[in-house]
Each structure stands twice: as C-alpha cells, then as structure tokens.
Amino acid sequence: MDADLSNYRKSYEKGELSLEQSPDNPLELFRTWFHEVDTHFPEDETNAMTISTIGLDGYPKNRIVLLKRYTYEGFIFFTNYNSEKGRAIANNPNVSLSFFWHGAERQIIIKGKAEKIAENLSDGYFESRPRGSQLGAIVSEQSAVISDRETLESELKALEKQYEGKTIQRPDFWGGYLVKPVEIEFWQGRPNRLHDRIRYKLDAEFNWSKNRLSP
C-alpha cells in the first residue's frame, strides 16, 4: 500500500499569537482560547484532548479523553484506574496532554504530572453522570481482552436489574486525575508555515516564564 499525501495543503490564516500580549499565567490564555473555540467553533468537541503516557512496555501511547474541569492548579479527567493508561500513570506520572482545534487553527501541548484527585471529588462527578454511564464504568474492565460485545451487553443488562431502584456507588477502581502542568505550549497556525508558538515553563519557584519558539 502506497499513498502519496504530499499535495495536501492548507494555509492557516485565522489568527495570530503575540508574546507581548500573552498573559503571564498560561492558564489564563488556556481559559480564553477554550472559551473562544467553544463559542465560535461548535463543530469542534472543545474538551476532547489527547493524553500521552509511557506504557509499561516502554512505548508512548496516545488516546482521546475528555477534559472535565480545569483550574489554576491543572486539568482533570476521569477514567478506570486499572486501565492501561491508569497503570501507566501509576508507573510513570509524567504525561502530555494536547488539544487540536482545527476550526480555530490552534493547538495546545501540556506537559505535567498526573495524580489522583480526592475521593469525594470523584464521588461528586460520578453521581452527576447519567445512570447508563455509571453502570458502564462498573461493567467495563477497561483495556482487558473480552470474548465478544454480546458478553459485555449481557453483563450490563444484569447490572441494570441488580441496581434497579438503587443508588449506584462509584467503584473504587474508577475516578479522576489532576494533571499539574510544568510546561504549556500554544500554537496558532499562520500563513507560509510561519506559525506562532509561545511556550510557558514553570520554574523551581513556581513562576511561569514564556518565550517565542521558531515554527
């Protein structure tokens, strides 16, 4: 199989990013960009992000998860702690998050350390989920090999009967992670591939510095 993609071309012309006008704290710029994309580019799933971990086999692996909250402390998502990504984080908490918003021609790459959030915070989010999602979190041994889909759906139906009329408690193998950033890079597409790139780094005193990078 041979596919030549060399003629794929796109000129990025929807915005610019200035070092001088960028805020001192990158979380403020993240908030601004997220709001702008969420407002003006509804075709993008704004909170969809790629998380990259270093697996137990030594290989990096990327997958899409959903950002559920962000604060000045970092970025929160939820998953099965026993999943492949959960085991990878337990072994090496250094992760990377990335957002690509094609409508706005913007990308953000975040380096940071992931840690479990408090159990009561995971409880609160789990309680807010639709009932079907709650049961799905219980029935799925995420990343485990299964024989077929029918088995999974059969187990879900059994759980629906088991919990009928009952409150569903969060299983202890499922919850949230907070990724505390140490480096955040903002990328704005520009014409002629001369893209704007602003990188923020956190120093030992927990202060952010910023620099423009060559595209």
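Biologist: Is A114 buried or exposed?
Modeller: A114 counts as buried because its relative accessibility is 9%. Buried means under 20% relative accessible area, exposed means over 50%, and partly exposed lies in between, with a 1.4 Å probe and protein chains only. Please note that this is a predicted model, in which local features need pLDDT of at least 70 and side-chain atom pairs count only at pLDDT 80 or more, while totals for chains, interfaces and linings use all residues. Residues are numbered from 1 along each chain as its sequence is written, and side-chain values use heavy atoms, with hydrogens and water left out.

Biologist: Which element is A114 found in?
Modeller: A114 is found in strand β6, residues 106-116. Strands (E, at least two residues) and helices (H or I, at least four) are DSSP runs, numbered from the N terminus.

Biologist: And what does A114 touch?
Modeller: Not counting residues up to four places away in sequence, A114 touches I89, P93, V95, Y177, L178 and V179. Contact means heavy atoms within 4.5 Å.

Biologist: How far is A114 from S154?
Modeller: Their C-alpha atoms are separated by 34 Å, and the two residues are 40 residues apart along the chain.

Biologist: You listed Y177 there. Which ring does Y177 pair with? Let us begin with how many aromatic pairs the structure holds.
Modeller: The structure holds 17 aromatic pairs. Rings of Phe, Tyr and Trp (its six-membered ring) pair if their centres lie within 6.5 Å; planes under 30 degrees apart count as stacked, over 60 as edge-to-face and the rest as tilted. One of the pairs is F30 with F75, which is edge-to-face, at 5.0 Å centre to centre and 75° between the planes. That pair links distant parts of the chain, with F30 in helix α1 (residues 26-40) and F75 in strand β4, 45 residues apart. F30 and F75 are both buried. As for Y177, its ring pairs with that of Y81: the centres are 5.2 Å apart and the planes are at 85°, so this pair is edge-to-face.

Biologist: Where do Y81 and Y177 sit in the chain?
Modeller: Y81 is in the loop between β4 and α2 (84-91), and Y177 is in strand β7 (residues 174-188). The pair links distant parts of the chain, 96 residues apart. Both Y81 and Y177 are buried.

Biologist: Back to F30 and F75: which residues form one aromatic cluster with them?
Modeller: The cluster is formed by F30, F34, Y70, F75, F99 and W101.

Biologist: Strand β4 came up. Where is N80 found, and is it buried or exposed?
Modeller: N80 is found in strand β4, residues 75-80. N80 counts as buried because its relative accessibility is 4%.

Biologist: What lies 2.7 Å from the side chain of N80?
Modeller: The backbone nitrogen of N82 lies 2.7 Å from a polar atom of that side chain. Leaving aside neighbours within four places in sequence, N80 is in contact with G86, S140, Q142, F173 and W174.

Biologist: Changing topic: which residues other than glycine have a positive phi?
Modeller: Among them are S143, with phi near 80°, and R193, with phi of about 65°. Most residues other than glycine have a negative phi.

Biologist: Where are S143 and R193 found?
Modeller: S143 is found in the loop between α4 (131-139) and α5 (149-162), and R193 in the loop between β7 and β8 (196-202). S143 is partly exposed, with a relative accessible area of 46%. R193 also counts as partly exposed, at 41% relative accessibility.

Biologist: What about E28?
Modeller: E28 is found in helix α1 and is partly exposed, with a relative accessible area of 30%. E28 touches P23 and Y72, not counting residues up to four places away in sequence.

Biologist: To finish, what does the secondary structure of the chain come to?
Modeller: It comes to 5 helices and 9 strands. From the N terminus on, the elements run α-β-β-β-β-α-β-β-α-α-α-β-β-β.

Biologist: How many of the residues of the chain count as buried?
Modeller: Of its 215 residues, 37% count as buried. Among contacts between residues at least 6 apart in sequence, 65% join residues at least 24 apart. The C-alpha trace spans about 60 × 50 × 40 Å along its principal axes.

Methods
A polar contact is a pair of N or O atoms within 3.5 Å; within protein, one must be able to donate a hydrogen and the other to accept it, and residues adjacent in sequence count only if both atoms are side-chain atoms.
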